[in-house]
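Let's take a walk through this structure together, starting with one chain and moving on to where two chains meet.

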Amino acid sequence: MQGQLRSGKSPRLMHTPVTFDRLQLKLFSLFLACAIPAVVWGKPEWEPIPADDLATLECKVYPGASAEALIVRQTFDASPDEAWTNQFQRIKIYSPKAAEERGVMNIDYSEYSKVWNLAARVTKPNGKSTEFHKDDFHDSVVVKVGGYKLKRKTLAVPNLEAGDVVELKWTQDAATNEGNYYWWYCQLPIPVRHYTFSMENSQHDYRVLWFNVAHADLRNANTTQMTLEMQNLPPFDEEPAMAPTRDVRGWFLVLFTNSYLRWFTKDQAGLWQEISSYFGEDFRLLTKPNSQIKSTAKEAIAGAATDAEKLKRLYDFCQQHVSNLDYFDSADLQKAKKKLDDKSRPQTPEQTLQLASGYSHHVNELFASLARAVGFDVRQARSASRDATLLVRNPMGWLFLDDDTVAVRRGKEWKFYAPGDYYEPCGMLKSSIESATCLVCDEDKVIYETNPVAPAANSQITRRGRFTLDADGNLEGDVEISMDGHAGIRDKSNWRSWQSAEIDTEYRKRITTQLPSAEVGDLNWENLQGDKLPLRVHYKLKVAGYADTAGSKIILPPGVFKHGAAAFFTAETRQYPIFFDHAWSEHDDIEIVLPEGYTLDAATAPANVGDVAGTLGVHYGVGYKAKAHTLLYKRDFALGANSMIAFQAASYPALKNLFDAINRSDEHTIVLKPKPAPADAPAPAATPAK
Amino acid sequence: MRFPRLPRLHFFAVLFAAIPVIPAFCQSYDTPDWLTATMNLATPENAAHAPAVILLDDTSLEMDAKGVLTEIHREAIRILHISGRDYAAGHATYDGKADRVLEANAWLFRDGKQPRPVKKGDWIDIATNDPGTAIDEYRSKQIDLSGTALAGDVFGYETRVRRPMVVAQLRWSFGALLPIATERLSLAVPPGFSIDDKMFGANQPTLSHSGNTWTWTSTDRPYRPNEPYLDPTARDDADLLINCTAPAGSAAGFPRSFSTWQEVTSMYESLNQGQCDSSAELVAKTHSLTAGCATTLDKIRALGAYVQKIRYIEINEGLRYGYGWKARKASFVFSNGYGDCKDKANLLIAMLREAGIKAHLVIAMIDPDHGFVAHSEFPGPMQFNHAIAGIEVDSSIQLPAVVETEKSGRLLFFDPTDPYTQVGDLPYLIQGTNVQVAENGITGLTRLPRFDAAHDFLVQRHVALTISASETGITAAGQISAAGQSGASLRSDFEKDTQPTELEKLVTHQLSDAFRGALVEDRKTEDNPLLGLCTLSFTCQHPRFVQRLPGNGLVVKLDVLSRHYLPNFSENERRLPIQLQPVMIQDEVVLKLTGGYTVDEVPRKISFESPYGSYAADFSLMRDALVMKRTITIKYLRVPAENYAAVRKFLTDIVRADRSSVLLKKGT
């Protein structure tokens with residue numbers, strides 16, 4: 001739940017930020033941190049609960065919600081000597097499930113921080129309240145490590161049941177030093193009626209930003225005070241193929257600063273220019289090639305005719321020459337890692353070249369230095385990522401430029417390279433930063449670019465199956481599947497420390513999830529280790545009862561690789577935009593020798609759907625080799641052939657409709673009937689189904 | 001009920017470790033002789049394909065005259081593959097209020113050298129609260145060197161823990177997931193003290209005895225990896241139960257030991273004396289709940305349902321005094337509205353008493369991880385971890401959960417901790433287990449019944465399919481009803497899934513993959529407590545489910561309901577026994593024949609049986625509909641790995657038989 005500056009090095013004039021500790025993390029994430037207007041000592045005072053809220057049995061705005069946060073308040077307050085947060089939450093319980101979930105309340109805090117003014121109250125629908133104070137909470141130590149303790153205050157709330165309103169408030173000290181920033185989700189798994197974040201008597205300058213909140217109101221904002229009010233926040237629920245959570249879920253951020261921290265106080269244009277300039281200069285100085293880099297680069301590109309070829313040579317050299325410590329481990333690499341981690345100064349590209357080991361960013365820096373050595377115009381590019389947020393073009397967005405790549409000018413364009421991402425071949429970026437905004441760190445001007453999305457053709461899945469079908473509908477044959485680009489990288493990366501038997505088990509499971517009676521034998525992998533693509537697998541497949549028998553006829557779904565696959569989208573409606581991990585394409589080539597004594601009965605081809613060369617589509621071809629008594633089936637699918645992989649929520653019905661149509665076409669069947677006579681009946685040519 | 005955890009849990013639950021008491025903050029530990037001797041042992045042949053192997057798992061327990069154990073645990077694990085580096089970790093669970101971790105050392109060796117010294121700061125100490133536990137005295141010391149360990153490394157650790165025994169009994173399990181070269185337990189008792197040990201299990205360790213020391217040793221145990229539908233006992237070689245007895249005249253201060261079940265009952269009684277109390281509010285609530293109840297069973301149902309709804313919250317305090325077996329006062333639990341299993345059972349007994357119905361505390365064991373079942377031959381509380389209620393009923397109450405018992409006659413067993421299993425039924429995990437009715441004069445345990453698939457795991461699904469006017473879409477109106485444990489599972493879903501999107505997921509979960517793109521238009525849940533039946537009704541539409549054929553033909557799949565209740569085995573071979581979970585599915589799919597369509601050929605009836613279950617599908621042509629009826633039964637069975645192929649064949653036969661496409665054609 002917390003943010004942290006992750007620039008990789010400390011920017012000028014900025015204090016190292018204090019990260020949000022686990023106490024606050026738990027506290028805010030689990031208990032919807034909030035605040036009362038001021039520190040109240042002694043007996044807690046409770047605000048009256050409106051009769052309507054006590055009586056209501058269901059959330060009016062979001063029917064079916066198990067609970068509703070009626071009020072969540074959180075206040076930062078400070079005196080010259082200390083700072084603290086006041087928290088208050090009022091939750092209406094609508095179901096036994098919510099009573100169960102909120103029946104034990106925990107507040108976790110560091111041993112170096114304090115919690116006080118702790119109180120809770122449960123109010124029944126009839127207005128009868130029970131209050132709980134400090135002594136009703138149980139103290140315990142959750143974790144002790146190296147002299148550090150994470151503590152917990154726990155209240156098992158008695159008699160909490162559907163209909164009750166439960167309130168919790170406490171005060172906790174907080175660090176509001178310059179440079180600290182905190183962020184919270186204000187949109188919670190349950191609906192929130194009122195969410196208030198206030199700043200009282202701030203001793204430092206600060207900035208507040210909020211995202212993905214429809215109804216937010218910033219009031220009374222000045223250098224020491226402000227109130228941010230948000231109303232009627234819907235419950236947050238994950239959906240498949242989502243944009244980064246922070247790009248769709250309501251959240252806000254407060255950053256403490258002062259006039260000396262120029263990065264926090266500049267206007268947006270000046271701020272980004274300064275950031276760009278700072279990183280640009282730093283990178284230029286770091287990647288300045290020396291003679292060794294120059295001679296290495298020259299040798300690496302020997303014979304390369306074009307710029308693209310030269311860059312590919314350098315890219316491959318970096319990936320092959322340097323043992324990437326983010327991906328590999330061995331006794332020697334552990335020593336190298338220790339040496340590197342113990343260093344007080346950053347490792348230079350020359351050292352990376354000499355040591356032949358480094359983290360991903362060292363590999364990128366070596367690549368940049370080599371590229372500069374042979375005359376390319378190179379910059380560092382700091383990129384947003386789907387692992388955090390893509391919405392970075394705002395005054396604080398630079399906090400979330402977590403990934404770095406190398407921008408190389410080719411003509412008028414910038415091309416992006418990240419050989420530090422070990423599995424990515426030259427020309428591709430890892431999928432989590434595709435389509436993300438990046439800042440090309442130029443010292444003179446701000447250059448925003450968008451990382452390219454590799455088209456579907458770069459991530460091909462090619463499946464080839466040669467099968468025989470018997471008269472009982474059993475299918476048997478050989479399969480070869482190759483997975484290129486992101487499609488292969490995903491598995492290679494996930495499986496890199498697995499045993500081969502584990503991989504086989506996992507892969508068999510995938511197949512039998514789709515085809516429950518499948519038997520998979522002789523699994524044989526190629527390119528499982530190392531960075532080589534495509535990842536390829538061969539196996540023998542036997543599927544008992546693959547085809548249906550309807551009386552004397554056989555009903556055969558020829559799309560063996562997609563038969564039984566679950567629908568991609570099942571929900572009726574969609575709240576958030578749709579983001580696919582990456583573009584990809586599939587090419588199926590299947591031949592099925594039909595059982596003796598059967599022939600095609602008015603066979604049709606599945607209906608084509610969408611546009612294979614456009615955003616989404618599938619194209620089928622069905623044929624018949626009479627002499628070999630063999631059915632031919634081809635399927636070509638692509639999502640993002642035009643590199644489009646993100647869609648507005650409004651597109652969901654159309655997108656679901658297309659996927660459903662593809663799913664249906666994938667399940668298209670061919671009817672086989674017994675041959676009427678010993679002689680071959682002429683097979684009809686396949687025609688598209690209507 | 002949370003009984004004291006065992007001095008030594010199963011290997012996967014506990015990889016021992018402890019608080020280090022190291023003089024210098026960053027000092028690493030000297031290598032002990034036992035580890036030097038062990039780390040060069042050859043990897044056993046049966047460790048093939050294992051990610052790591054336990055070269056030594058050695059625990060020595062030394063008991064003093066006060067019943068305080070000093071436990072020294074030594075373990076050496078060789079990492080065989082990088083995927084096994086997570087095993088370079090250990091932890092020790094201990095009672096934070098009673099036990100003391102005296103010493104903890106750990107080492108990681110690579111080619112005879114330590115790639116990095118292990119420091120005090122590498123150990124962490126955490127609370128082990130399970131979800132729903134408000135307070136738990138149990139803690140765990142942990143060390144994790146997985147970030148450093150590589151294939152070929154040997155990770156070793158040694159812990160010394162002082163553990164006062166709560167009762168003079170021990171329960172010990174032999175066996176683990178990883179292959180083990182040597183697993184050893186030794187127990188030394190003071191002169192004059194004696195032990196009575198009983199060993200259960202198929203692969204019992206060898207026992208050697210010298211003076212006052214007993215040693216059990218198990219060797220060359222194989223790799224037992226995770227496999228689907230694993231028999232929970234598959235990794236347990238043996239369970240050792242030990243009763244320690246002080247010599248006459250030395251029993252003062254020595255914890256209690258047990259030689260009869262009556263003695264165990266006496267302990268419960270003394271701990272729980274006065275806990276089953278009452279209060280004016282409790283009495284008033286009991287009377288209001290039972291006011292409209294005409295029969296004893298109605299009263300039991302009303303009170304049982306009330307206590308089931310009380311929230312489950314554990315507060316584990318005073319375990320060193322045996323409070324793990326002590327229920328909180330019924331009046332306290334009633335007024336607080338929460339409690340753990342023994343609290344809820346005790347409250348129910350109190351409320352039943354106020355309603356004129358006699359009931360007893362029943363001590364039980366739920367062990368989904370290892371399938372341990374209490375042994376009658378060994379009286380002792382260490383065999384249990386749960387509490388339920390046994391309600392005295394007469395012959396007018398005929399329910400599956402009624403058992404004729406030794407002392408109390410007919411007892412209706414009921415678990416108020418399970419919020420979804422109704423009176424008359426028992427949770428799956430305690431079916432077929434042995435329980436102790438905490439009643440004076442008992443001499444043994446009572447076996448709870450195990451219910452068969454047809455009676456307790458029945459799911460009935462009915463779907464009516466109507467082809468749309470476009471002749472490519474289909475509308476389905478369905479109803480899923482479940483009773484017994486299947487009903488409990490659906491009831492649990494109903495409670496958890498209240499939002500429209502969650503209910504939609506519940507419906508789509510019941511649909512076959514092929515039909516899952518359907519738009520769910522309507523869904524309704526109903527729980528009939530009298531019939532014990534939970535029902536999920538829905539309608540949905542799939543715009544492209546029907547395939548048109550040239551010449552006015554249609555292909556319709558009747559396979560619209562999921563087979564997620566059936567196990568799926570993807571591996572060609574099996575190492576460990578299987579636990580088949582019972583279920584009976586009765587499906588009826590009615591395809592309305594409209595638009596002048598008739599069925600080209602009615603699919604054939606098919607049925608078969610196997611030792612593991614049965615399958616039957618029947619198709620009948622009514623005047624304007626084709627009706628498919630299908631019944632699939634899976635029996636509750638533990639199947640040896642040798643019979644894996646037969647089980648798989650049975651399931652494959654189901655898939656093979658379960659093909660339900662029909663061809664429709666225009667005209668007669």
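Of the 668 residues in chain B, 49% count as buried, meaning that 20 or more other C-beta atoms, placed from the backbone, lie within 10 Å of the residue's own. Please keep in mind that this is a predicted model, in which local features need pLDDT of at least 70, side-chain atom pairs count only at pLDDT 80 or more, and totals for chains, interfaces and linings use all residues. Residues are numbered from 1 along each chain as its sequence is written, while chains are lettered from A and ligands numbered from 1 in the order in which they are written.

Chain B holds 10 helices and 37 strands; these are DSSP runs numbered from the N terminus, with at least four residues (H or I) for a helix and at least two (E) for a strand.

Now to the meeting of the chains. Chain A brings 72 residues to the contact and chain B brings 59 residues, where contact means C-beta atoms, placed from the backbone, within 7 Å. On the side of chain A that touches chain B, helix α13 (residues 500-514) of chain A gives the most, with 8 residues.

Strands cross the boundary too: β6 (residues 138-145) of chain A pairs with β5 (residues 123-127) of chain B, antiparallel over 3 bridges; pairing takes at least two DSSP bridges. Here A:Lys144 stands opposite B:Asp125.

Within chain A, 4 strands make an open antiparallel sheet in the order β26-β27-β36-β30. β26 (548-550) and β30 (598-600) of chain A each have a single partner strand, so one side of each lacks a neighbour in the sheet.

Note on methods. Buried ≥ 20, exposed ≤ 12 C-beta atoms within 10 Å, placed from the backbone. Contact = placed C-beta atoms within 7 Å.
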